[in-house]
Amino acid sequence: MDNRQGMLYICSTPMGNLKDVTLRLLEVLEEADVVVAEDTRHTLKLLNHFNIKKPLVSCHEHNEQARVGQVITLLKEGKRVALVCDAGTPGISDPGAKVIAAAIDHSLPVTHIPGPSAVVTALVLSGLDISRFAFEGFLPRDKGERMKRLSELKEERRTMVFYEAPHRILSVLKDMLTVFSGRKAALARELTKLHEEVVRDTLEGIYEWARQKPPRGEMVLLVEGFKGTASKEEWWHSLSIEDHVEAYTQKGMSTMEAIKQTARDRGLPKGDVYKVIHVR
Ligand code: SAM
């Protein structure tokens, strides 16, 4: 009986340019017992290009949970399993994360064959501060959910990275303008491909550019982090609205001026602060 140890190879594959394969990737694919792929037809093209013939098993959004048990059995049998997605790195806004987590939970050997991922290429080409970043993947499709997520990110200090689909880019940019107005941003599209393009501008500039000629292809949107004073760092943060207004009146402001200033500080409509002060 073959008692060699199994291994889950998380394989990064090209995201547009087949020359981005590594020697190690080809070696691992050659030696794998089975290739677990997001879309088997897509991966077959990659394998055919390099003349590699392997049994393929599909693992996509809808069957990933069911595949977990199968992959664990293969690994326990000592099989070499190569996990690939359609483009880039499995588990990064792509299926694979559950399979990886299960292998780790079962203390089975896991390794990564490094290579492309759109998040890294977009970051290094963005011209933004990349010393710290927050990867946000895809924003929710539902507009209300999306606005909620964006407002939670309003004071995020790290450069933010979003994956986006071309048919949603204009509405996403429009929503972002209400939260991140005036920020530097970058839109990186068709990375590693013939028509690779990176637009670096303010968010307003990118919106105008996209409005004039809606961009096509695969794209990543990056937005500069918050540079202001966070509301939780403001002197009034731990005060109630009443005490906040009173702090201004004690400094000599009229009640009306204090209400207006409090509303400005908190980003609230004046009427809301007025109600709190007068409905007592
Ligand atoms: N796992 C992939 C990775 O490691 O980047 C991401 C897969 S996710 C389903 C697809 C999204 O990744 C696209 O909508 C786009 O935002 C981004 N993407 C993938 N390939 C890209 C490319 N060549 N140029 C720009 N963005 C790309």
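Predicted model: local features only at pLDDT ≥ 70, side-chain atom pairs only at ≥ 80, totals over all residues.

One term before the details: two strands count as paired here if DSSP finds at least two bridges between them. With that in hand, look at Leu187, which stands opposite Val199 in β9.

β8 and β9 belong to an open sheet of 5 strands, ordered β6-β7-β10-β8-β9, and the pairing is mixed. Which strands stand at the edges? They are β6 (133-138) and β9 (197-202); each has a single partner strand, so one side of each is left without a neighbour in the sheet. Ignoring direction, neighbouring strands here are turned by 15 degrees against each other on average. Helix α7, residues 169-180, lies across β7 (159-164), β8 and β10 (219-223), and runs at about 5 degrees to β10.

Next, the other sheet on my list. This one is also open and has 5 strands, in the order β3-β2-β4-β1-β5, with parallel pairing. Its edges are β3 (56-58) and β5 (110-113), again with a single partner strand each, so one side of each has no neighbour in the sheet. One of the residues to look at is Tyr9, whose bridge partner in β4 is Ala82. Helix α4, residues 97-105, packs on this sheet and touches β1, β4 and β5; its direction makes about 150 degrees with that of β1.

On to the domains. The chain is divided into domain 1 (7-116), domain 2 (119-223) and domain 3 (234-278). The centres of domain 2 and domain 3, taken over C-alpha atoms, are separated by 35 Å.

Last, the largest pocket. It holds about 850 Å³ of space. Of its 33 lining residues, the closest to the centre are Ser93, Asp94, Phe138, Tyr163 and Glu218. By class, the lining divides into 14 nonpolar, 6 polar and 13 charged residues. β7, β8 and β10 each supply at least two residues of that lining.

Notes:
Residues numbered from 1 in each chain as written. Heavy atoms only, no water. Helix = DSSP H or I, 4+ residues; strand = E, 2+ residues; numbered from the N terminus. Axes fitted to C-alpha atoms, helices over the stretch in contact; angles between N-to-C directions. Contact = heavy atoms within 4.5 Å. Domains from an automatic or database assignment. 1 Å grid on protein atoms, 1.4 Å probe; cavity = no way out; pocket = protein on both sides within 12 Å on 5 of 7 lines; lining within 4 Å. Points joined across faces, edges and corners; volume = space filled by probe spheres on them. Nonpolar A, V, L, I, M, F, W, Y, C, P; charged D, E, K, R; others polar.
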